[in-house]
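Dear colleague,

Please find below the sequence and the structure that I am handing over to you. My notes on the structure follow directly after it.

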Amino acid sequence: MEVKIQSIHFDATEKLQAFIEKKVAKLEKSFEDVQKVEVQCKVVKPATAQNKQASLTVTVPGNTLFVEKTADTFEESIDLCVDSMKVQLKKFKEKLRNR
């Protein structure tokens, strides 16, 4: 699984990158054939609450799944993204099983 992290309008710390990679690695438990994961983190409106936006684009065979969440911290928004991506991956896996 290839993980690509982009930080827009700020520089991501090593700690944040390590956190993202650790969380994204858990997606493979939900679906084994994850080929590529792109993570985008950006600050939406500086100096306001709920301004840290994270989006997750997961490429699986034959499909691309996308999730975007906004929260107070990047860690929180990544958590929300990973949780909802797990749900999407489970649904996708069920569809594959039913074919």
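Leaving aside its neighbours within four places in sequence, S55 is in contact with E38, V39, Q40, F66, V67, E68 and C81, where contact means heavy atoms within 4.5 Å. S55 belongs to strand β3, residues 52-60; helices (H or I, at least four residues) and strands (E, at least two) are DSSP runs, numbered from the N terminus. With a relative accessible area of 3%, S55 is buried. Buried means under 20% relative accessible area, exposed over 50%, and partly exposed in between (1.4 Å probe, protein chains only).

Strand β3 also holds V58, which counts as buried at 0% relative accessibility. Its contacts, apart from neighbours within four places in sequence, are L27, V34, K36, V37, N63, T64, L65, M85 and L89. V58 and E2 are 56 residues apart along the chain, and their C-alpha atoms are separated by 9.9 Å.

**Basis and confidence of the model**

This is a predicted model, in which local features need pLDDT of at least 70 and side-chain atom pairs count only at pLDDT 80 or more, while totals for chains, interfaces and linings use all residues. Residues are numbered from 1 along each chain as its sequence is written, and side-chain values use heavy atoms, with hydrogens and water left out.

The pLDDT is the predictor's confidence in each residue, from 0 to 100. The protein chain averages a pLDDT of 91, and 100% of the residues score at least 70. Confidence in the protein chain is highest in strand β4 (residues 63-71), at a mean of 95, and lowest in helix α2 (residues 27-30), at 88. Where pLDDT is low, the predicted coordinates should not be read in detail.

**The loops on either side of the strands**

P61 lies in the loop between β3 and β4 and is partly exposed, with a relative accessible area of 41%. The C-alpha atoms of P61 and R97, 36 residues apart along the chain, are separated by 14 Å.

The loop between β2 (36-43) and β3 contains Q50, and N51 is placed in the loop between β2 and β3 as well. Is N51 buried or exposed? N51 is buried, with a relative accessible area of 5%, whereas Q50 counts as partly exposed at 44%. Beyond residues up to four places away in sequence, N51 touches K42, V43, V44, K45, P46, T70, A71 and D72.

Most residues other than glycine have a negative phi. Q50 has a positive phi, near 55°, and H9 has a positive phi near 70°. H9 is located in the loop between β1 and α1 and is exposed, with a relative accessible area of 66%.

F10 is found in the loop between β1 (2-8) and α1 (14-25). Residues up to four places away in sequence aside, F10 touches L16, C41, K42, V43 and F74. F10 and A71 are 61 residues apart in sequence and 16 Å apart in space, C-alpha to C-alpha.

**Helices α1 and α3**

How do α1 and α3 pack, and at what angle? Helix α1 packs with helix α3 (residues 74-98) at an angle of about 15°, with their axes 10 Å apart. Axes are lines fitted to C-alpha atoms, for helices over the stretch in contact, and angles run from 0 to 180 degrees between N-to-C directions. The two helices, α1 and α3, are therefore roughly parallel to each other; angles under 35 degrees count as roughly parallel, over 145 as roughly antiparallel, 65 to 115 as roughly perpendicular and the rest as oblique.

From α1, the contact is made by L16, F19, I20 and K23, and from α3 by F74, E75, I78, D79 and V82. These residues divide into 6 nonpolar, no polar and 3 charged. Here Ala, Val, Leu, Ile, Met, Phe, Trp, Tyr, Cys and Pro count as nonpolar, Asp, Glu, Lys and Arg as charged, and the others, Gly among them, as polar.

E75, in helix α3, is partly exposed, with a relative accessible area of 33%. Its contacts, leaving aside neighbours within four places in sequence, are L16 and F19. The C-alpha atoms of E75 and K23 are separated by 9.5 Å, the two residues being 52 apart along the chain.

With kind regards
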